[in-house]
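Colleague: Could you take me through this model slowly, and set each label you use against the rule behind it?

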Amino acid sequence: MNSINAINKVIDNAISKVRLFEPNSLIRERADLFVKIHIIPVNQLVRIENDMIIPVAYIIDLAVISHSVVRIKDYLEMHESDELSLGKRIGKAKNKDLLVTNYIDLIIRTLRFFNDYFICRHVLDHVAWAYDEIIGNSAVINLFKREFRDDREVDKALNELSKHIIASIMDFYNGVRMWVLNHELRRPSYTQYFIVNEILKKLSLNEHLTVVEANEDYFYLGLFKDVSLMNTLIKLS
């Protein structure tokens, strides 16, 4: 399944989606380059050394969600009791919980497929959609198509949802890091709890979902597997 041929098919499909849905005409014209430069080997940003994640390039921040993050489950249980806040499109969907849980699962399966690569959020939705069409029989995307009137609205909903997922990951991780390292408690929102809890359900015990903020509004997602991390609460100076 993870053959070069299958990966190329997913990338080509993602490029087609950028050409269809990207509002910026310059990006549409160079869709092939745009997609390919936003899928990068993990060792261009970080490396694993002595069971630690070490930045190898300048990055603004980094977050790790895994079962081994120090006191992650204790912090989860401190969540607020408010409602899911997911933006105007997903927020109005009849089955928003189902959409969120399935899209999280799709993202994680996509990252497993692109083993040893980071995928930038700017192309993540199109790559995940392409992966679902080619590998997953469009099972997840069809859930979105039942909620939204056309493919362009589906694309906007995926973009909105991935922004909320990444923001929730970063805010949650910053909160647990402050609580454990600095003894400053800022309770996670229910949205953060819901998203992070779903991620943990999908991850195996030896997987670490990693989000790297490489530049302002440039977030890269990747999955480390079969590694034991000692520094699960990483504070960059």
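Modeller: Let us start with Arg-121, whose relative accessible area is 6%; the model is a predicted one, and Arg-121 lies in helix H7, residues 121-135.

Colleague: Why is Arg-121 called buried?

Modeller: The label buried is given under 20% relative accessible area, and Arg-121 has 6%, so it is buried. Leaving out residues up to four places away in sequence, Arg-121 touches Asn-159, Ser-162, Lys-163, Ile-166 and Phe-219.

Colleague: What makes those residues count as touching Arg-121?

Modeller: A contact requires heavy atoms within 4.5 Å, and by that rule Arg-121 touches Asn-159, Ser-162, Lys-163, Ile-166 and Phe-219. Helix H9 covers residues 151-182.

Colleague: How do you know that the span of H9 is close to what is expected?

Modeller: The expected span is 1.5 Å times one less than the number of residues, which for the 32 residues of H9 gives 46 Å, and the distance from its first C-alpha to its last is also given as 46 Å. At the start of this helix, a side-chain oxygen of Asp-150 comes to within 3.2 Å of the backbone nitrogen of Arg-152, and just after H9, His-183 takes a positive phi of about 60°.

Colleague: Which residues line the largest cavity, and what makes its lining nonpolar by class?

Modeller: The largest cavity holds about 40 Å³ of space, and it is lined by Ile-104, Ile-107, Ile-108, Ile-165, Ile-169, Ile-199, Leu-209 and Leu-221. Leu and Ile both count as nonpolar, and the lining accordingly has 8 nonpolar, no polar and no charged residues. Helix H6 (96-113) and H9 each supply at least two residues of this lining, with the largest share, 3 residues, coming from H6.

Colleague: What is the volume of the largest pocket, and which residues are closest to its centre?

Modeller: Its volume is about 370 Å³, and of the 18 residues that line it, the closest to the centre are Glu-22, Pro-23, His-126, Asp-155 and Asn-159. By class the lining of this pocket has 6 nonpolar, 3 polar and 9 charged residues, and H7 and H9 each supply at least two residues of it.

Colleague: Why is Arg-71 called partly exposed, whereas Ser-138 is called buried?

Modeller: Ser-138 has a relative accessible area of 14%, which is under 20%, so it is buried. Arg-71 is placed in the loop between S4 and H4 and has a phi near 60°, a positive value in a residue other than glycine. Ser-138 is found in the loop between H7 and helix H8 (139-147), and it too is not a glycine, with a positive phi of about 60°.

Colleague: How do you know that Thr-232 is buried?

Modeller: Its relative accessibility is 2%, and because the limit for buried is under 20%, Thr-232 counts as buried. Thr-232 lies in the segment after strand S7 (218-225), and, leaving aside neighbours within four places in sequence, it is in contact with Val-64, Ser-68, Val-69, Val-70 and Tyr-173.

Methods
Residues are numbered from 1 along each chain as its sequence is written. This is a predicted model: local features need pLDDT of at least 70, side-chain atom pairs count only at pLDDT 80 or more; totals for chains, interfaces and linings use all residues. Side-chain values use heavy atoms; hydrogens and water are left out. Helices (H or I, at least four residues) and strands (E, at least two) are DSSP runs, numbered from the N terminus. A polar contact is a pair of N or O atoms within 3.5 Å; within protein, one must be able to donate a hydrogen and the other to accept it, and residues adjacent in sequence count only if both atoms are side-chain atoms. Buried means under 20% relative accessible area, exposed over 50%, partly exposed in between (1.4 Å probe, protein chains only). On a 1 Å grid over the protein atoms alone, a cavity is a set of points where a 1.4 Å probe fits but cannot get out, and a pocket is an open set with protein on both sides within 12 Å along at least five of seven lines; lining residues have an atom within 4 Å of a point. Grid points are joined across faces, edges and corners, and a volume is the space filled by probe spheres set on the points.
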